Amino acid sequence: MTPAVSVTDLGKDYVLSGETIHALRGVSFDVPLADYISIMGPSGSGKSTLLNVLGCLDRPSSGRFMLSDVDVSQMNDDQRAEIRASRIGFIFQSYNLLPALTVVENIEIPLYYSGQLDPRSRVRCIELAEMVGLGSRLDHRPTQLSGGQQQRVAIARSMVNNPEFILADEPTGNLDTATATEILDLLDRLNRQGRTIIMVTHEHDVAQRTKRAIVLRDGRIVSDERY
Amino acid sequence: MSTLTVWLRTFQLAGKSLWMHPLRSSLTVLGIFIGVSSVIWLLAIGEGIGRAAQEQIASLGAQNIMVRTVKPSGDEFQDSGYGLTRKDYVRLLATVPTLEKVIPIRITTAEFRNHTRVLEGRLVGSTPDYAIVTRLRLDRGRFISDADIEHERNYCVIAAETAQRLFPFGEPVGRQIMINEEFYTVVGVMKPRAPSAGIGGSLAAEEFDRDVYIPITAMWRRIGDMNVVIKPGQFQRDIYEISQLTLRVVDRDSVLPTADVIRSTIEVAHDLPDFAVTVPLELLEQARTTQIMFILFLGLIAAISLVVGGIGIMNIMLATVIERTREVGIRRALGAKKRDITRQFLTESVVLSVTGGALGVLGGLFCGPLTLLARKGFERFLPNQWEVLPALIKTVEPSLIPWSIPLAFTISVLVGIIFGVYPAARAASLDPIEALRHE
């Protein structure tokens, strides 16, 4: 069966003030459908670079990145935007909700860019808000919500396009332990429903809740183990 | 997904973002508002002034040509006389076929008496057509007739104020007044007429309300060609036969060629520059040219204010882009293409400029009443300065040019686009990864 995500010998070089930095030096792994993996590593290990490549925000310098059966590694800016809009769900450490918009409107944003906005999409957004437990706060603005609630909105937003996988960047980094547990419970639930999740974190106890941990150091995978 | 939904959402979004900073947005809108309404206002005022000037000239009659006697400089003409002659009159009548009417006019000042009541005013000798070309209207009685001309009758028609002053209690028609030691029977009284305005020095302003009109033949016969003014320390004698010939040309197209013929016809008989030809049609065309220049000039000023408004938009949009770098990053991460970002910011600047444009059009429509208000205020609070203003400014009625409204509105939309493109492009070119990290 085709894995949801498959990277082969991925490399990424930067030129920073005349000096070439090898952020990724040949990273390969597959993520099967409905898997739940965490990517760990100290700062400077290439974690963020890998995240940007997996999120189609950046292009790898070498290697291949397959999203199901599509090679996205050589796509241009517009094509990658389309992939981001329709096949990847993003969850950020700092939630990244738009302050001018309500809960429902925030959830709706990816639909707007994937061209799926229609009169029924409002209903879907409300359903998602209810699923993450914010059914009573549909018209609130992000500033009227707690951090945990904002992250729930972000999770609902990441689901709205029914993406191939969810890419979460330190989703609990800004939250207290109790709230973090709630968020992780929510992610667990999504995974049990068959959603593929890739999470970047540097906290071991967070990583331990996933099914598999990949550890990076100096742009290489140093360990890849299943719990 | 329907395009309509997307556009609807795009505008909704733009409105929302702008509403986040109401003061900032309204100040930007104000800039465009001022630009657009000043386009409409200045064009309306330019048109109003131009129209007033044209109406003044048109009131002289576009089909008319005036030939006036001009006193040459120096004293040596005191005895010989100067100006247009009866011979000129006859020759023009006989030799210029495109003339429909030739009206000789001789004007002097004189004293009019009714027993002990005395009034000094203009004594005008002319023909029946005089009333037509000067647009004088008869109040009662009749005007000078052809028979009066033929028989050189000592009849007169008096203007409204003359009648009022000489006959304050009785009916003047049928009574007699004394002019130059001779009696003239009043046969008609004119209605009051507003003074005609002078036009740029080539034609003096005229007042009509103290006039007395007599047949020109009677004037030549009974009063003669000499006009003597005796005042303390001054003795002045002028000899001239005709003050002015007003000529009506058969049609408008012949006016300019006829004017040339008249010039040369009179010129051959005159050694001195003692006459002047005024062609209202020429003036009218000059006035049109002047008006176009004027409107262009005012339009330029207004355009500058629109550009300033546009710079305001650009300024605000650039600030907005920097402020919302993170939003751009989020939107890009969630799947926005560069052109989606461009569209979003461009829509915002167009919404700003269109709002300003629409309000500006409304403001432009109130041009008339507001000008009136401004005039009243000026008159009341700065009466001295008001006094010295030229009449044209005191009385100008702005006249809305219909095409100025779509023009101003279109320009405002264009301003929004032109000044919005750069900030929008700048937003779109932000690197999504950098933008996401932006605090």
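**Reading the terms in this model**

Me: Which residue stands opposite B:Phe112 in strand 6 of chain B?

Reply: B:Phe112 has B:Ile179 opposite it. This is a predicted model, in which local features need pLDDT of at least 70, side-chain atom pairs count only at pLDDT 80 or more, and totals for chains, interfaces and linings use all residues. Residues are numbered from 1 along each chain as its sequence is written, chains are lettered from A and ligands numbered from 1 in the order in which they are written, and side-chain values use heavy atoms, with hydrogens and water left out.

Me: What makes strand 2 and strand 6 of chain B a pair?

Reply: Two strands pair if DSSP finds at least two bridges between them. Strand 2 (residues 99–114) and strand 6 (residues 176–179) of chain B share 2 antiparallel bridges, so they qualify as a pair. Strand 2 of chain B also has 9 antiparallel bridges to strand 3 (residues 117–126) and 6 to strand 11 (residues 244–249). B:Ile107 faces B:Val124 in strand 3, while B:Leu99 has B:Val249 of strand 11 as its bridge partner.

Me: Why are strand 2 and strand 5 of chain A called edge strands?

Reply: The 4 strands of this open, antiparallel sheet come in the order 2-1-4-5. Strand 2 (19–31) and strand 5 (70–71) each pair on one side only. Strand 2 of chain A joins strand 1 (residues 5–16) over 10 bridges, among them the one between A:Asp13 and A:His22.

Me: How do you know that helix 3 of chain A is mostly covered?

Reply: A helix here is a DSSP run of H or I with at least four residues, a strand a run of E with at least two, both numbered from the N terminus. Buried means under 20% relative accessible area, exposed over 50%, and partly exposed in between (1.4 Å probe, protein chains only). In helix 3 (residues 103–114), 11 of the 12 residues are buried, including A:Val104, A:Ile107 and A:Leu111. They pack against helices of both chains, including helix 4 (121–131) of chain A and helix 12 (338–365) of chain B. For chain A as a whole, 56% of the 227 residues count as buried.

Me: Why does the radius of gyration of chain A agree with that of a compact globule?

Reply: The radius is taken over C-alpha atoms, and the globule rule is 2.2 Å times the number of residues to the power 0.38. For 227 residues that is near 17 Å, and chain A has 17 Å, so the two agree.

How values were computed
Contact = heavy atoms within 4.5 Å.
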